[in-house]
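Thanks for coming. I will keep this brief and go through one model, which you can follow on the screen.

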Amino acid sequence: QVQLVESGGGVVQAGGSLRLSCRASGSIYGINAMGWFRQGTKNERELVASIAAGGSTNYAGSAKGRFTISRELVKGTIYLQMNNLKPEDSAMYYCAASSDIAPFPTVDEFDYWGQGTQVTVAS
């Protein structure tokens, strides 16, 4: 079993920055891709960014150029650096991990999920 714990959320003014962290523990040797998703008021969980085991990254269009995902393989930890935050970025952010071999799994192909960390961007 894999456990994921997020941290780093909070309240920030528009244009500010936050850095989210996700620590994986347990059977982390089985993890390949990891990623960040968010669920806002529209109740749809959408991809923000993902990173493959080899280090390749994938971003949602709304995140590209503002957000950066990174990974520390030894520690089983991923980060999401979020810059120039906008009110529409406000959401619950979830860390996810996949044991699938696909470098960029779909949301349904991620096996493990954290409890989420709230990000609120004030205008």
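Which residues have the most contacts inside the largest nonpolar core? A caveat before I get to that: this is a predicted model. The residues are Met34, Trp36, Leu80, Met82 and Tyr93, in a core of 26 residues. Eight strands are listed as each supplying at least two residues of this core: S1 (2-7), S3 (18-26), S4 (34-39), S5 (45-51), S7 (67-72), S8 (77-82), S9 (91-97) and S11 (117-122).

Next, the charged side chains. Side chains of opposite charge can pair when their charged atoms come close. How many salt bridges are there in this model? The count is three.

I will take them in turn. Glu46 pairs with Arg38, with N to O at 2.8 Å. Arg38, at 7%, is buried.

Arg38 also forms a salt bridge with Asp89, and that N to O distance is 3.0 Å. Arg38 sits in strand S4 and Asp89 in the loop between S8 and S9, so this pair ties together parts 51 residues apart in sequence. Is Asp89 buried or exposed? Asp89 is buried, with a relative accessibility of 1%.

The remaining pair is Asp89 with Arg66, where the closest N and O atoms are 2.7 Å apart. This pair again links distant parts of the chain: Asp89 is in the loop between S8 and S9, while Arg66 is in the loop between strand S6 (57-59) and S7, 23 residues away. Arg66 is buried too, at 11% relative accessibility. Through shared partners, the salt bridges join Arg38, Glu46, Arg66 and Asp89 into one network.

Thr77 lies in strand S8 and is buried, with a relative accessible area of 6%. Which residues does Thr77 contact, leaving aside neighbours within four places in sequence? They are Cys22, Arg23, Ser70, Arg71 and Glu72.

Val12 belongs to strand S2, residues 10-13. Its relative accessible area is 12%, so Val12 counts as buried, the limit being under 20%. Not counting residues up to four places away in sequence, Val12 touches Ser17, Leu18, Leu85, Thr120, Val121 and Ala122. As for Ser90, this residue is 78 residues from Val12 along the chain, and their C-alpha atoms are separated by 9.6 Å.

Note on methods. Residues are numbered from 1 along each chain as its sequence is written. This is a predicted model: local features need pLDDT of at least 70, side-chain atom pairs count only at pLDDT 80 or more; totals for chains, interfaces and linings use all residues. Side-chain values use heavy atoms; hydrogens and water are left out. Helices (H or I, at least four residues) and strands (E, at least two) are DSSP runs, numbered from the N terminus. Buried means under 20% relative accessible area, exposed over 50%, partly exposed in between (1.4 Å probe, protein chains only). Contact means heavy atoms within 4.5 Å. A nonpolar core is a set of buried Ala, Val, Leu, Ile, Met, Phe, Trp, Tyr and Cys residues joined through side-chain atoms within 4.5 Å. A salt bridge is a side-chain nitrogen of Lys or Arg within 4 Å of a carboxyl oxygen of Asp or Glu.
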